[in-house]
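Please read these points alongside the model. They go element by element, and each can be checked by eye.

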Amino acid sequence: MPGTACFTTPFKRILLQQAGRNPSQKTVNKYWTSQTTTLNFDDFCTILKKEKPATKPELLEAFRKIDADNTGYILHDELFKILTTRGEKMTRDEVSAITKQADFNCSGKLDYNKFCDLYMTTSEHCCKTARERLEVDSRLRQQQFGSQAEASSEGITVSKPSPRVSRKTDHKLAPTKGDSRTPSRPSSAQSCKASISTTISMGASSNRNTKLIEPDTVKEWQCAQSKGCFYLEDDGEIISHKYKLHLPQRSTVCITIKPLNVRQVEGKSCHWLSVDTALYILKENETQENLQVVSFTEQQNKEMFGWKGELASGIYWLLPFTTGCRLKKVKTQITGEAKLVYRGEDGELTLTKEFRAALLDIFETIDLDGNGLLSLEEYNFFELRTSGEKCDEEAWAVCKENFDMKKNELTRQGFMDLNLMEANDREGDPSDLWVTLLSLGYNKALEMTEACPFVIDIYAEKCKPRIKAIYLEAGSWQLNRAICKSVVNKGEAKVMDGCENIIIYTYKAGRRITSVIENKTENKVIIHVNNEQSKNCLSNRGLAVFAVEVAPKSMMVSQHVMPLNEQEEWLYSCVHSLLR
């Protein structure tokens, strides 16, 4: 019911079904991102206003498009083919559950008039039951349990990483105007009882570090490659693929990561090429939870970051990372929405040239092994990102019957035809296509601004390495621990004046500076961070002044900072203060 927190996808759907809606997974994804855990009653009512319930004439019209002869019936075989290959694909068992209902099935056919009558009756009954429940307990209408900023005991709103691009011309870190979040800037009345300052002057970046071995010098080594992508969520969090690396024997290896340079379109900038990338290498021991941090790609050669060293045989996890300094939410002025489909002279729907080009880029990005085909595993990463659900073996077999495949893998043309079918299913309405594009980081001008495809190369001197994408998810606690540990091990440590149990670690590597706060006390602490004296800097926090809460006996990243303009000198000047 609306007064209860929504934690699972099935429960979210039940809520809407109780209100007479029948949402697809794409509809659910519009309102519940991967980071949404709860909603309040007002949010739920807003969704109901936007998502209107289907009417009987609309349902009948949809069925009559399938029933070309207007018989009032649809053969079960035809129904199965449609429901398992188009739109929100159903499983064989789900379709069977429909066709076995005696109320509206007979002789291998579905009587869709009776089906629509039963559907509308059930929907009305659900709405009536929901209204009765609300009337019995009106207090549910007032209950608020949505995600809200948590205030500390001292009345200070503590920030979470909220990437925002600064548009200030003086190249200083500054709060972004128009940010709808509660600012995490402590009041000037707050006093500090301990502080520490760090100042680092950096020259213009040459984007080159000769310590990193050139790929040309290891061309005789055996190589493995995989692509992947960083995706920016609505709340600013970044998710990416996670990988397992298998080394059959001890070997010297060179591991690199860089943005993937897909097609170049004249007049359009490739925003993602300036995004910083890194890989953290963790050794798997007895269990997947017991991961040992080995190293990370700190050496730089232009846009490529790499690491070279010796690894023992075994299983390793490769965790991609980007600071979020350059991959963040940006409000851009878009003059008009790009057209995705049009009707030709014959009346048939066709994909526009611009949309086809975008789909080719998408195919290039999700084709992780680069063989020009999409395996079921690769396609499922795409499905999980765009619809939240996987395609099973049975549905994949149906796709094989209807779309071009080679060796049980989907071709580029098959991928194009699949998207064209989706457009035809909606009679040319591009709404679902836009849901897919937006979830993949595209804006309404068909520019990829909220994603960064990348490519990982692994060279091994003495054996054949194997790499495989396992997950597509947000940064795990293992990644956060690896970042903190690398900064602690390699960075400069400063004990906070007046509080020896608070330590600030600062690490600089190439064009990135990262600071970590370690709290050795038995109590949580709130640290005020001030970057107002920094110049030509870009922080992943998006704010010049903010506060962070550090749990007892723990450490956390304070911020990542990069130059706003790499061709100019930049000054990192940060003061960390313990608030009273």
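**Notes on the predicted model**

1. Start with a helix pair. The axes of helix H9 (residues 376–386) and helix H12 (residues 431–439) come within 9 Å and cross at roughly 105 degrees. H9 and H12 are therefore roughly perpendicular to each other. On the H9 side, the contact is made by Phe382, Arg385 and Thr386. H12 contributes Val435, Thr436 and Ser439.

2. Now the chain as a whole. Its secondary structure comes to 13 helices and 26 strands. Of its 580 residues, 50% count as buried. Take the contacts between residues at least 6 apart in sequence: 73% of them join residues at least 24 apart.

3. Next, the nonpolar cores. The largest has 74 residues. Which residues have the most contacts inside it? They are Ile255, Leu318, Ile362, Leu410, Phe415 and Ile456. Strand E17 (residues 451–460) gives this core its largest share, 7 residues. A second, separate core has 23 residues, including Ile200, Val525, Leu543 and Val548.

4. Ile255 deserves a look of its own. Leaving aside residues up to four places away in sequence, Ile255 touches Leu245, Leu279, Ile281, Thr297, Phe305, Gly306, Trp307, Leu311, Leu318, Asp457 and Ile458. Leu318 is also among the residues with the most contacts inside the largest core. Two of the residues touched, Leu279 and Ile281, lie on one side of strand E8.

5. E8 (residues 278–284) is mostly covered, with 7 of its 7 residues buried. Both faces are covered. One side carries Ala278, Tyr280, Leu282 and Glu284; the other carries Leu279, Ile281 and Lys283. Note that the buried residues include Glu284 and Lys283.

6. E8 has pairing partners to check. It is joined to strand E12 (residues 314–321) by 6 bridges, and the two run antiparallel. Within that pairing, Leu282 has Trp317 of E12 as its bridge partner. E8 also pairs with strand E9 (residues 291–296), again in the antiparallel sense, over 5 bridges. There, Lys283 stands opposite Gln292 in E9.

7. A sheet of 3 strands comes next. It is open, has the order E1-E3-E2 and is paired antiparallel. Which strands are at its edges? Strand E1 (73–75) and strand E2 (105–106) are, each pairing on one side only. E2 and strand E3 (residues 109–111) pair antiparallel over 2 bridges. Asn105 stands opposite Leu110 in E3. Helix H5 (residues 76–85) lies across E1, E2 and E3, and runs at about 75 degrees to E1.

8. Then a sheet of 5 strands. It is open too, in the order E19-E20-E21-E25-E23, with antiparallel pairing. Strand E19 (492–496) and strand E23 (537–539) stand at the edges. Each has a single partner strand, so one side of each is left without a neighbour in the sheet. Neighbouring strands are turned by 25 degrees against each other on average, direction ignored. Helix H13 (residues 477–490) packs on the sheet and touches E19, E20, E21 and strand E25 (554–563). The direction of H13 makes about 80 degrees with that of E25.

9. Strand E20 (residues 499–509) and strand E21 (residues 512–519) pair antiparallel over 8 bridges. Here Tyr505 has Val516 of E21 as its bridge partner. E21 and E25 pair antiparallel over 7 bridges, and Glu518 stands opposite Met555 in E25. E23 is joined to E25 by 3 bridges, running antiparallel. In that pairing, the partner of Leu538 is Met562.

10. Is E25 enclosed or open to the outside, and why? 7 of its 10 residues are buried, so E25 is largely enclosed by the rest of the structure.

11. Ser573 is found in strand E26 (residues 570–579). Is Ser573 buried or exposed? Its relative accessibility is 14%, so Ser573 counts as buried; the cut-off is under 20%. Not counting residues up to four places away in sequence, Ser573 touches Thr198, Thr199, Asn530, Asn531, Gln533 and Ser534.

Key: Residues numbered from 1 in each chain as written. Predicted model: local features only at pLDDT ≥ 70, side-chain atom pairs only at ≥ 80, totals over all residues. Heavy atoms only, no water. Pairing = 2+ DSSP bridges. Helix = DSSP H or I, 4+ residues; strand = E, 2+ residues; numbered from the N terminus. Contact = heavy atoms within 4.5 Å. Axes fitted to C-alpha atoms, helices over the stretch in contact; angles between N-to-C directions. Core = buried A, V, L, I, M, F, W, Y, C linked by side-chain atoms within 4.5 Å. Buried < 20%, exposed > 50% of the residue type's maximum accessible area, 1.4 Å probe, protein only. Parallel < 35°, antiparallel > 145°, perpendicular 65-115°, else oblique.
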